[in-house]
Structure formats: C-alpha cells, structure tokens
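Have the viewer open as you read.

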Number of protein chains: 2
Amino acid sequence: MKQRVTTVSWNHGALKILDQTLLPDKVAYVSCTKLSQVHEAIRKLRVRGAPAIGVCAAWGVYLGLHKSKAKSAKQFINELNRVTAYLATSRPTAVNLFWALDRMTRQALKYPAYSPNELKEILFNEAAHIAKEDSDLCDRIGKFGEKLFRHGDTVLTHCNAGSLATAGSGTALSPIYAAKARGKKIKVFADETRPLLQGARLTAWELMQNGVPVTVICDNMAGSVMAKGKINKIIVGADRIAANGDTANKIGTYPVAVLAKYHNIPFYVAAPSSTFDFAIPDGGHIPIEERHADEVRRGFGKLTTPENVDVHNPAFDVTPNELITAIVTDQGVFYPPFTRTLKKIKNENH
Amino acid sequence: MKQRVTTVSWNHGALKILDQTLLPDKVAYVSCTKLSQVHEAIRKLRVRGAPAIGVCAAWGVYLGLHKSKAKSAKQFINELNRVTAYLATSRPTAVNLFWALDRMTRQALKYPAYSPNELKEILFNEAAHIAKEDSDLCDRIGKFGEKLFRHGDTVLTHCNAGSLATAGSGTALSPIYAAKARGKKIKVFADETRPLLQGARLTAWELMQNGVPVTVICDNMAGSVMAKGKINKIIVGADRIAANGDTANKIGTYPVAVLAKYHNIPFYVAAPSSTFDFAIPDGGHIPIEERHADEVRRGFGKLTTPENVDVHNPAFDVTPNELITAIVTDQGVFYPPFTRTLKKIKNENH
C-alpha cells in the first residue's frame, strides 16, 4: 500500500488519532492527552472500525495511567479498573473494545508484585503489542482471503473495513489489497453507508489512495446492481461475531446479505479472531447501539427532514449465519456449519 | 386531509409549481411562464412523482401553446408536436409523462376543423380534466387500497408516492389516508430515499401535516426493522408498470421488495391506470434514467465523497412481478398472475 495513514498511534506522550469525521476533505489528527478525549473520539467515531477501536482503547488505558501517582500495585489496579470501566461506556457493540480493555487488565494483573512504574511499562508494551498484532492479523486475513478472489472480480463492500478501520491493512479490504498485490484486477462497488457515509467518505478514499478502481453507490442501489449481474462477490467486516457465526456489523449489512442470497452471490465476512465473542451463542445477544436522531436528520450539515420527526437510528444490524458463505479470519477461512467450525478459533473470548 | 398543498395548478396565465426541492424547509412555488421553465422543473425534480409529472406536462402543453399565433389548425398542430417533443425529453422513465403528452395531442387531433383559439380552449379543458381525473383516481386508489390495511398496522413506504406526487391524495399514501379517515390507526416508517431524500423530506413532512405518525429511517435500516417484526405491510408507488406487472419505481424499491419476500411481508404497489404501459411485455423494456453523479457526491450541499470518485446513480429500479403481492389501482386491486389479471385494466396505453 502506497500511502497508508496511521489511524491510531502513541506519539510523545499523547495518543494521536486520525480524525475520520473530517475525511475525505481533510487528513487531520487529534492529539489526546486526556482520557476524556479518547472516550469522545471513540463515541464520535473519529476513530471507528472494531479493530481500530480495540487498539485505541488499549492505548487509551495506557494514556489514562501513564501519569498515575499510585503508590502501590493495588492502588494502580484500582485506577486501571476505573479507566477501563470508563472507556467501556464509549460504545456498546464492537467486542474488540471490551476485548482490548480486558486484555490490558489481565496483563497488568499478571504482575502483582510490580511497582506502578513497572506496570506502566507493562501496559505500554501491551498496547504496542495489540497494535502490532492487529496489523499482523490484517495481513493474515489478507493472505487467507485473497484466495477467494479472482482476476476480474467486481466486489461489493459496505461501510469501511479497510486500513482506516484497523491498525493495519484492514479486514474486508485486506484480501482485496492482497489480491491486487498478486496482480489480480479487482473492481469495487462501495455502498455509501448512511447515515455517516463511511463507504462514500472512507472506503472510496482509501481505495483510490491505493489504486483500486471504486464506484460509489447509495445503499439502496446495491439491489439493482446485483440484479444486473455486476457483482461477483461481497465482503464486509464485523463488529462482533457470536459463537454460531451470527455477525453484527454496520447497519445495512443484513439487507446486503439478504440480497446476496437472493442473487446467489457469495457473501463473506472478514474479521480478526478478537472479534469473535464465544460467550454469546447467537446474534440475539449482541447489544445494538441506537445513535442520535440528528445523525439522520442533519447528517450532512443541514436539515434533511422535518425538524422534529421521529427517527430510528440503529448503528448495527445482525446478519444470521445462514446468509454467510464464509468467515475470513487471521486463522483461516471458516465455512458452515459455523457452530461447529468456529470452535477451532482461538482467542481470549473462549 | 387538513393542509393539502397543490403540487401543480394553472394560475393567471402561469403554471404554478410547488418547488419540492425546497421542502421541508420552505413551502415555495415557481411560476412558469415559459415552456423551458416547465422542462427545467420536471428535470430538476421541482415537480416529481409520475402522476404529478403527467399533470404538469399536460399543463405544460397548454402553456406552450396558449399564446400561439398559428393561423391554421395545421400550423397549430405542428407547434403542438414541437412542444410535446420538447417536454418528452425532460425525463425518460415515468410513463405518465408520455401518456399525458399523447392524450393532449389526441384531444387536439379530434378537432381538425377548429381554429387555433378553439384548440387552445380544448387543450385548457383537457389539462384541467387530466388534473381533476388524477385527483379522482387517487381517491379511488384510496378507496380500494384501504381495505388492505388494518387498525394497528405499521407500514413501510419508500420515496414519496403521496399527495406531493400527484394532483390529489397520492397513490401509495392514499389508502393510508383513507384508512385513517375510517378510524384505523396506522403508523408509517419512511425510507429516507437517497440520493434526493424524497422520503425524509417529502413523505415525512406530508404525513406529519396529515397527522399520521411517521418514523424516518435510512434506506439501509429497513432490513433490520423488518427482521424485528415491526413492519406488517409495505406499499410503494410506481413510475411505470409493464404488462406483466414488473414495476419501475424509485431506486431502492427493488431491495425493499426482496426484503419483503424474505420476511414474508405483503408488498403492495399503488398506481393509477395511466402508469401501466401495456406496450411493453416486461420490466426489461423500461428505460432507466441515470442521473448526475453529483446528486450522490454533493447531495446535501457539501461534498460527501472524494472529489472525482466514480458514481453510479440510477434513478429507478425494476421490481419483478413475482415480488409483488398486489397492485392497487383506481380500477381495483389486482393479484397475480398479473400477466392475466392486468388485462382487465383499461387505459389509453392498451
């Protein structure tokens, strides 16, 4: 990839976050020195995408504690618990957030005899490790996933599950980049993804930066594009995958999956193993974030509905496992029956 | 209906058109005194909705000829042909446009011995008749259609097929108004309908004006709302219906129909008989308008994609007859097999 931007990085005592709400207009960063800024950045979707949220949360934990004046490990851990409890309230659906917070906590708890300063170093290293790991996971998703794509394919994707959603080459888009690197020509249709237009703003921008031909369509056009036979394959990311393969992802993913089934087009989900939540048997247990009505009413800087009209604005929907052809992970490509096959995936959520 | 606005009317030598591009912000009218203004109003969707376009075109024909200096009927008819040929280029998909132009022409041709001034009167009366007829057709659609709805129903609609799309009470929304008038409580979910947001701007506004509870959702949310069992019925309008029932309607209608099938929800189309095009056997013959990319790229007054990204922007899609539960018309409710049942419909397009 030519110009990969870094979504989240630690930079001279601050957490530097690419402000994705400003893309594609501006490539600008927010520099967080307070924990509340990290919370706000996640809540306002300055950083978004389940893997990137996880990495951001890990760095957020370090940010929240690197100036701790705790006198003992116990006191330090108490502070750590307050920090993670606070960050856990930023967004409810992406399991990577909770996964990263848990992992930071577990890492600290391994060293009860360490001093607060030593624990800070432990947390720094763990956050850096999570970030590096995320990048590696993306590359492995790319390696496994690219085999699903052929020269000449036209692929539909929804929302942004690219490098902007991760600390690496992306989840859903990583196989496309990997296929391109192997000389396969792939075209992409990007759903604009209302209300926050991650497809129009982010996926289109990211693909253009990387020389992948992309056409933006409104979400409601995917059906007719499929009916015309223009789409060979579909690949999307995931915010949480239940033990049976049911997948929560950006609102609008589920109707794309229904359309894929109707048109007999393979529908792939791509996600790192950290996105699997084996604690829940199916998608019915995934909490779905309801966001502010003004994202729909004033999403474009001006009012596009009657002033006080009722709005329903769920941020995610759940695609049931029977609509999913395969799930591409860093541990390989998994096929139905998912309830059985996904058991092979190893992560801390088992 | 409490506050029905008039979409199109003849007013002191000018054609007065409600400028729907300004709704719901402003209720403002354009007063057309030149034919080019009528063409522009149709092309720019100041007036939209197949039936309203038909009525507008009929008045447009009169506007284009009411100051004619033709010396003979023959000369007048030549001018008439130029006017209708010009208006026919305003938009390609809605058959009502061509139907209205043909009907105005046929009416004039009935009186070859009339003077130009007499023919002007003929055209005025015919345009007024088409407008009145459209209003009556809407009421009949309402009368037949309301029987399909029960007290307590929650209905999804797409785009705007209400009073704003006609010279009367609407097509898809007319049965809802009629049901309300009979004391049935009906709630509506309105798809916002990208790119031009006719659902968010027009349907929501119109329903609120008329005291019908409405919730706006983004187009990509309809699937999850259906999956939660919140929608009992779906009703949409039509821009052209082929002899076999295949229906062209606003882009995004087809995916709603696929979702309806998947969730086993009745999917109704409502249209006056003038929307049927019996000259074409199926939807494959309906020309689909491709509109300017900037409707998607800058639809909200600001750029929401990378500057020059490729965009696909079809204004309509075709819903195949097998996804349609019934078609509600001014001549009754028609059920499959449509190829047989629709033969009973009488219109000038037979």
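## The contact between the chains

Let's start where the chains meet: chain B puts 53 residues into the contact, and chain A puts in 53 residues as well. Keep in mind that this is a predicted model. As for size, chain B and chain A bury about 4000 Å² between them, and 68% of that area is on carbon and sulfur atoms. Three residues stand out on the chain B side: B:Asn220, B:Phe300 and B:His312 supply 17% of the area that chain B buries against chain A, more than any other three residues.

On the polar side of things, 14 residue pairs are in polar contact between chain B and chain A, counting pairs with both residues at pLDDT 80 or more. The side of chain B that touches chain A draws at least two residues from each of these elements of chain B: helix H7 (198–209), strand S6 (214–217), helix H8 (222–227), helix H9 (253–263) and strand S12 (310–311). H9(B) gives the largest share of that side, with six residues. Sort the residues of the side of chain B that touches chain A by type and you get 29 nonpolar, 13 polar and 11 charged.

How many salt bridges are there between chain B and chain A? The count is two. In a salt bridge between B:Arg194 and A:Glu192, the closest N and O atoms are 2.5 Å apart.

## A sheet that crosses over

An open sheet of eight strands runs in the order S12(A)-S6(B)-S5(B)-S4(B)-S7(B)-S10(B)-S14(B)-S15(B), with mixed pairing. S12 of chain A and strand S15 (332–334) of chain B stand at the edges with a single partner strand each, so one side of each has no neighbour in the sheet.

Where the sheet crosses from chain A to chain B, S12(A) and S6(B) run parallel and are joined by two bridges. Within that pairing, A:Val311 has B:Val216 in S6(B) as its bridge partner. There's also a link from strand S6 (residues 214–217) of chain A to S12(B): these run parallel, with two bridges between them. Here A:Thr215 stands opposite B:Asp310 in S12(B).

## A buried loop residue

Now for A:Asn313, which lies in the loop between strand S12 (310–311) and strand S13 (316–319) of chain A. Is A:Asn313 buried or exposed? Its relative accessibility is 2%, so A:Asn313 counts as buried.

What surrounds A:Asn313, leaving aside its neighbours within four places in sequence? Its contacts are A:Pro195, A:Glu289, A:Glu290, A:Arg291, A:His292, A:Glu295, A:Val296 and, from the other chain, B:Met221.

Strand S1 (residues 8–11) of chain B pairs with S2(B) in the antiparallel sense over four bridges, and B:Ser9 has B:Lys16 in S2(B) as its bridge partner. The hairpin of S1(B) and S2(B) has two residues between the strands, and B:His12 takes a positive phi near 50 degrees there.

S2(B) also runs antiparallel to strand S3 (residues 29–32) of chain B, with four bridges joining them. In S3(B), B:Cys32 is the bridge partner of B:Leu15. Why is strand S2 (residues 14–18) of chain B largely enclosed by the rest of the structure? Because four of its five residues are buried.

Conventions
Residues numbered from 1 in each chain as written. Chains lettered and ligands numbered in written order. Predicted model: local features only at pLDDT ≥ 70, side-chain atom pairs only at ≥ 80, totals over all residues. Heavy atoms only, no water. Contact = heavy atoms within 4.5 Å. Buried area = accessible area lost by both parts, 1.4 Å probe. Salt bridge = Lys/Arg side-chain N within 4 Å of Asp/Glu carboxyl O. Polar contact = N/O pair within 3.5 Å; in protein donor to acceptor, adjacent residues only side chain to side chain. Nonpolar A, V, L, I, M, F, W, Y, C, P; charged D, E, K, R; others polar. Pairing = 2+ DSSP bridges. Buried < 20%, exposed > 50% of the residue type's maximum accessible area, 1.4 Å probe, protein only.
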